[in-house]
Amino acid sequence: MEMGSSIPLWQPLTIAFVLGWVAAASSFRLSKRARALTQPCITRRVLAGTPTILCLQRAQHGFLDWMFSMISCIVSVPFYTGFLPIVYWSGHRKLARQMTLLIAFCDYIGNSIKDIVSAPRPISPPVRRVNATEEEKENSMEYGFPSSHCLNTVCLLGYFSHYFLTQDPKASDAIVAIVMALLSFFIVLIGIGRMYLGMHSLIDVVAGIIFGVLLLALWLTVHEHVDGFITTGHNGMVIIRMHSLNQKNAPYQPVQSEKFNILTLTTYTSEYHIYCICIVFLPFLVLVAVTYFWASLSFLLCFAYPTPEFPTPSFQYHTAFNGVAFGLVSGIQQTHLHSQPENIQILFSSELSIGVFLGRLLVGIPTILVTKICSKAVAQKLLPLVCNTLSIPITSSCYVPELKGRSKGKPSGHLARRVGFGRQEAYNVDTGIRFLQYAGLSWSAVVLVPAFFSLLRL
């Protein structure tokens, strides 16, 4: 039996592009060059937008403070932690997959632009900055251009609307117009709210909307290919050829697997048992191919992330969403090949009532939170042990107290600047811990929790 793999060109090209970007950015200091070109102009625009913000803040009222703060929570890490698993458990699995990967994509691009440009937020005072939640206090430590809230809102609500409108091809023009009007209203409301709260200037909001539209348009051109890749791996090909050792001249019959179209088997009819063995192990082969590619990409994206002018929490947010995306992909690979779409229960159908769905929430939410805590605890013990065994110098900003203060360089927390040639600066182990805890959370949402649902008949 011979075994080989044919990898489509786009996979090595993607890895090569990221590696090339890391090398070029490090050698030619591309982030600093881009910052020198963009930061002065955008900073002037931010300062020029101060009167607009002050005009909005003349309508200051406690209710408006509360309302805009709550609306801003819609595009926060805690919100996604609960909302996306709920969508998955409601039966809209494709929607949950796509929105999870889309937010990871948007978060990476948006925060990379923020840290490349490193443009300030509106100056406070004179602008009044409202930080009603701890999440907002941490957000205010990021740079301002572009507005992540506006960018993510455009992408997520835009894809959400696209998904349900395409589910009903008979939707009238009036319904489409109403959906688009509501979508536009909410995006504008988010933008006004961000300026009212003193978090962004007008140029930040406009740039966030523009980047959001561009990223959404790009995603809509590739989302079917991405979904096909993470669910079935059909963009990759694993080829297994089986040859008889005792019947070299015997005729053979090509066999095509109907369930897994990525496998082509050529076997002698007398070796049917080998064919069966290959079908049994096929899900594992696909899991390895797709998961390894995504793990490699996730690892390299940490190195490719730009270093800001001064440290911000943006890289932490990227690491969290990067971990969520990896946990989702690895989990989907374990479960999707064994599931049948026709058996998926959809909310409000006869198979999945409101009562059963509420039972799922009571089981699912605590499970993913416990898994997140356990993943973090394991990573806190395991990663330092592995790094010490491999003699890799490490430091920690907060997760491992005994490792604090070991780094001699700038505590930026960005891997890209911690691998300088000839330097022995310490790696921030918090990056790996954060990645693994959110990967564990996402994996449990698509593998562990559905297993509990089956056991409990939910």
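The lining of the largest cavity comprises 14 nonpolar, three polar and no charged residues, where Ala, Val, Leu, Ile, Met, Phe, Trp, Tyr, Cys and Pro count as nonpolar, Asp, Glu, Lys and Arg as charged, and the others, Gly among them, as polar. The model is predicted, with local features needing pLDDT of at least 70 and side-chain atom pairs pLDDT 80 or more, while totals for chains, interfaces and linings use all residues. Residues are numbered from 1 along each chain as its sequence is written, and side-chain values use heavy atoms, without hydrogens and water.

A cavity is a set of points on a 1 Å grid over the protein atoms alone where a 1.4 Å probe fits but cannot get out, and lining residues have an atom within 4 Å of a point. There are two cavities of 30 Å³ or more, and the largest has a volume of about 190 Å³. Its lining has 17 residues, with Tyr80, Leu84, Pro85, Thr100 and Val324 nearest the centre. At least two lining residues come from each of α5 (77-89), α6 (93-117), α12 (314-335) and α14 (429-456); α5 gives the most, six. Helices are DSSP runs (H or I, at least four residues), numbered from the N terminus.

In α4 (residues 62-72), Asp65, Phe68, Ser69, Ile71 and Ser72 are buried (under 20% relative accessible area, 1.4 Å probe, protein chains only). They lie on the same side of α4 because they cover an arc of only 160° around the axis, taken from the directions from the helix axis to the C-beta atoms. The face turned away carries Gly62 and Trp66, which are exposed (over 50%).

An unreviewed UniProt entry lists residues 174-196 and 202-222 among its transmembrane regions.

Terms used
1 Å grid on protein atoms, 1.4 Å probe; cavity = no way out; pocket = protein on both sides within 12 Å on 5 of 7 lines; lining within 4 Å. Points joined across faces, edges and corners; volume = space filled by probe spheres on them. UniProt positions renumbered as here; feature names shortened; annotations may be inferred.
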